[in-house]
Each structure stands twice: as C-alpha cells, then as structure tokens.
Amino acid sequence: MKINKLKLSIVLGLLSLFLSWYAVKKTYFFNEFLGFFLSPFWKGATYSGEKSRGFLENYLFLVNLKKENERLKEEILLLKAQLAQYQERERVYLELEKFYKISSKLNYPKIAARVIYKPFDYFSDLIFIDKGSKDGVMPQMPVLAIAGGEAVALIGQVVEVYNHWSKVILINHPSFAADVKVLRTGDRGILRGRAESHPFVYYLPSDAQVKSGDEVLTSGQDGLFPPGLLVGQIVNVYRDPAQSIFKMAEIASLVDLYRVDMVFVLAKIPEISF
Amino acid sequence: MNLKEFFFIGIPLVFLVLFLKGFLQSFFLAPVGNPFLSIALIFLSYRNVNVWLWIYLLVLGFISGIETNQEIFNLGYFFLMGVVFYWFKGYLNLNNIRNKLFFWGINLLVFFIIKLFLFLLTVPFSFTFSFWAHQIQELFHFFVVTLVWILGFEFFLKDLLIRKDE
C-alpha cells in the first residue's frame, strides 16, 4: 500500500495539534470547533424550546387557573346563595320566635304565612298569602304582623280562602271594619279603611279626649277580633263632617303595610256568622 | 282574533304583563294602572269582536278582577266593553290616532268612574276637599299610567296586528 506522504503529514499534524490542544487546554479540539459553529443553534433551540415550554406551561397553568378561578367563583356564588338562604331562614326563624314570644298571651293557634303578591290598586288594598284551607285558614280570621320587633299588630282580615292561598284585605281597605277602642281613654269607635294610606276610626264620642299618639286596640265587641290587638296610633283627630256629633280619627298602622312580607293568621273562628 | 293569535300573542302577553305588573308595583310600591284593560283596548282597536276576542276579554277581565277582589265587576265591564264595541264598530273609525285616543280615553274614564262609584258605596265618604283631591289625583295617575301601557302595546303590537288578517 502506497502511502501519500502529504496526507500522512496532514494526519500526523492534526493529531499532534489535537494532542497539544488537549495537553494545553484539556479540551477536545473538535468539540471546540463544533461548539463554535453550533452554539448559536443550540442557544436558539434551547431558548425557543424553553420559551415554548414555559409558554405551554403558563398557558396550561393559566387554563387550569382560569378553570380553578371559575370553579371557585361558582363555589363562592353557591355559598353566597346558601348563605343568603340561611340568613333568610334565620330571619324568618327569629321573626317567628319573636312573634310567638310576643303573642303568647293570644290563646289562639297562629299560622305563619308569607306574602306572595301585593296587587296595588286605587280602591282596594289586598295581599295574597301562601296559606290556604289546607293549612287551616278560614275566612274572616284576623291577620297580624310584627310591629317594630316589639309588638304584634292587626293588619287585616282573611276574605277569600283557596286550597293553597288566601286573599287578605288590609285595614285600609274600604271593606275592612273592626270595633276598636282608644287605650288611654277607653273611647270606642269603628275602624274603617278608605283606600288611603291610613284608615279612620269613626263614631268616636264628640266629647272623647283622644289625641295624636294614642294607641288604638281592638275591643273584641265585634266578635271577629280578639280584644287587645294593637291596631295603630292616632295621627289626627277631626270632627266628622258627615255626622258632626261624632269625632273621627286618622290611624297610622304600626306596620308598613306595603313592605310586610310575613304575616300570621290568628286561627280564631268568628263568634258570629254573617 | 283567531285561535293562533289567542294562543301565540294573547295568552303569552297576559303572562308577560302579569309579571311586569307584579315587578313594577313591588318596585315602586304603588299602583301601576290597569295593563289588562290596556290589552283589551288595543285588541278592540285592531280586531273585530268574535268568539276568541270574547273569550280573551273574559280572561283579561277575570285576571284584572282577581287582583282587586272585584272579579264580577271586571268580568262584567270587559264583557260589556266587547258588547258595546261590537255594536258600535261600524260607527267608529279607529284608523287614526286621534279617534283611538278618544276611544281609549273614554273607556279609561268610564272604568275609573264606575270603580269610584262602587268605592263610594262602601266607604262613609264626605265632601271634604282633601278626599276629592285624593280621588282626582288617583284618577289622573290611573289615566296617565294606563295610557302609557296602551301606547306601549300600540308601539310593540301595531305591526303584528296590522299585518295579520283574522
């Protein structure tokens, strides 16, 4: 085999270069060489890979985070709804507790009911409640509500009863009437509605010393309402323009009749039938 | 009015209005006129009185009556409105807005006056200024708010009612 001297000298030269490179730098020349050319690609690849990976990781993380966020939001909403429900239940429970405590002297069964509709009209004041004949509600039963958290007050009377709901006329309805008396003076009169915000007590004696602020209670003489039910307070006293031998008094209910959302039907059967 | 209009316009409209009325009066804590009367007047303005419109008027009257505990009065009024309109349809030209406004206005006034009359039968009223001022204020409120309902229905239902033939 004939060896080309030139090629042999090149190979030997390179070998000695590698060896001397290795002896001096303790690295491989090829690596250095290749590294010099390839490092930009490596860098680029690594950088883009890392960035892509990071992006993907962040994206997936964000997607997960977003999902988690949405899930948490839903959970918060659900919890808020539950909390509101529990708060409402607590409020109802407290109101019921308060009502039964305050009304313990009324020896009649009480039926708690929710107001389901308030049909406002120009000449009638009604509310619809969610209790009917299946719950023991009967026509003409008195309807009460808590007044200022301290007392129960008469707000109306059941007029029509259906299986699951009933109609209640409020004390300012023109068809409402009750025999009442003024607590301080004992004067009696007839409470009637006039489809205005306040009902009136008619037929008070002309010498009655009633005045603004006096409390008005049911007298029990009408056989419909038990005696001693608080109705309201007198706000104005007038001479009756139709029958001047009587006085009449404007009454403010102690309950905001248009905002009441929970009432109590007093299961008292009227003593007289109509 | 035909069967299709009754079920696809009339009845859904009643439910929509029932919801809207309940919402608005709970929001404002005040009466919001009588939208059922408004619906009746709109249909009477655009349609001939036939069996379906009679039934629809009765439905409207009954729903309107439940709310005020005056079912019989409302049923009767809505029914009579149909009868009167049936008789006078030939003499009434309800193609222009002036005549329509007159027709609506008269109906609203009559409806309110009858209600006021029934109310006066039940309350021991007196001829004091404040009492009558209150009634006039209520009449004004009823008239304006119900007219707004009518104009609203006119705006939304006009095309639908003009295009369709019975």
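Okay, hi everyone. Before anything else, keep in mind that we're looking at a predicted model.

Let's start where the two chains meet. On the chain A side, 24 residues are in contact, and they touch 28 residues of chain B. The buried area between the two chains comes to about 2400 Å², and carbon and sulfur atoms give 60% of that. Which residues of chain A lose the most area to chain B? Those are A:Phe120, A:Tyr122 and A:Phe123, which together make up 36% of what that side buries.

The rule picks out two salt bridges across it. One that I can name pairs A:Lys167 with B:Glu71, where the closest N and O atoms sit 2.7 Å apart. There are also eight residue pairs in polar contact between chain A and chain B, both partners at pLDDT 80 or more. As for secondary structure, strand E2 (126-129) and strand E4 (151-161) of chain A each bring at least two residues to the side that touches chain B. Sort that side of chain A by class and you get 14 nonpolar, two polar and eight charged residues.

A:Asp214 is in the loop between strands E8 (200-205) and E9 (215-218) of chain A, and A:Arg184 is in the loop between E6 (177-182) and E7 (188-192) of that chain, so the pair ties together parts 30 residues apart in sequence.

Over to chain B, and helix H5 (residues 97-122). Helix H2 (residues 35-46) of chain B crosses H5(B) at roughly 145°, with the axes coming within 11 Å, and that crossing is right-handed. From H2(B) the contact includes B:Leu37, B:Leu41 and B:Ile42, and from H5(B) it includes B:Phe103, B:Trp104 and B:Phe111. By class, that's nine nonpolar, two polar and one charged residues.

Then there's helix H4 (residues 71-88) of chain B, which packs on H5(B) at about 145° with the axes 12 Å apart. H4(B) also makes a right-handed crossing with H5(B). Among the residues that meet here are B:Phe73, B:Tyr77 and B:Met81 from H4(B), and B:Phe103, B:Val110 and B:Ile114 from H5(B). This contact has 10 nonpolar, two polar and one charged residues.

That's it from me, thanks.

Note on methods: Residues numbered from 1 in each chain as written. Chains lettered and ligands numbered in written order. Predicted model: local features only at pLDDT ≥ 70, side-chain atom pairs only at ≥ 80, totals over all residues. Heavy atoms only, no water. Axes fitted to C-alpha atoms, helices over the stretch in contact; angles between N-to-C directions. Helix = DSSP H or I, 4+ residues; strand = E, 2+ residues; numbered from the N terminus. Left-handed = near helix turned anticlockwise from the far one by under 90°. Contact = heavy atoms within 4.5 Å. Nonpolar A, V, L, I, M, F, W, Y, C, P; charged D, E, K, R; others polar. Buried area = accessible area lost by both parts, 1.4 Å probe. Salt bridge = Lys/Arg side-chain N within 4 Å of Asp/Glu carboxyl O. Polar contact = N/O pair within 3.5 Å; in protein donor to acceptor, adjacent residues only side chain to side chain.
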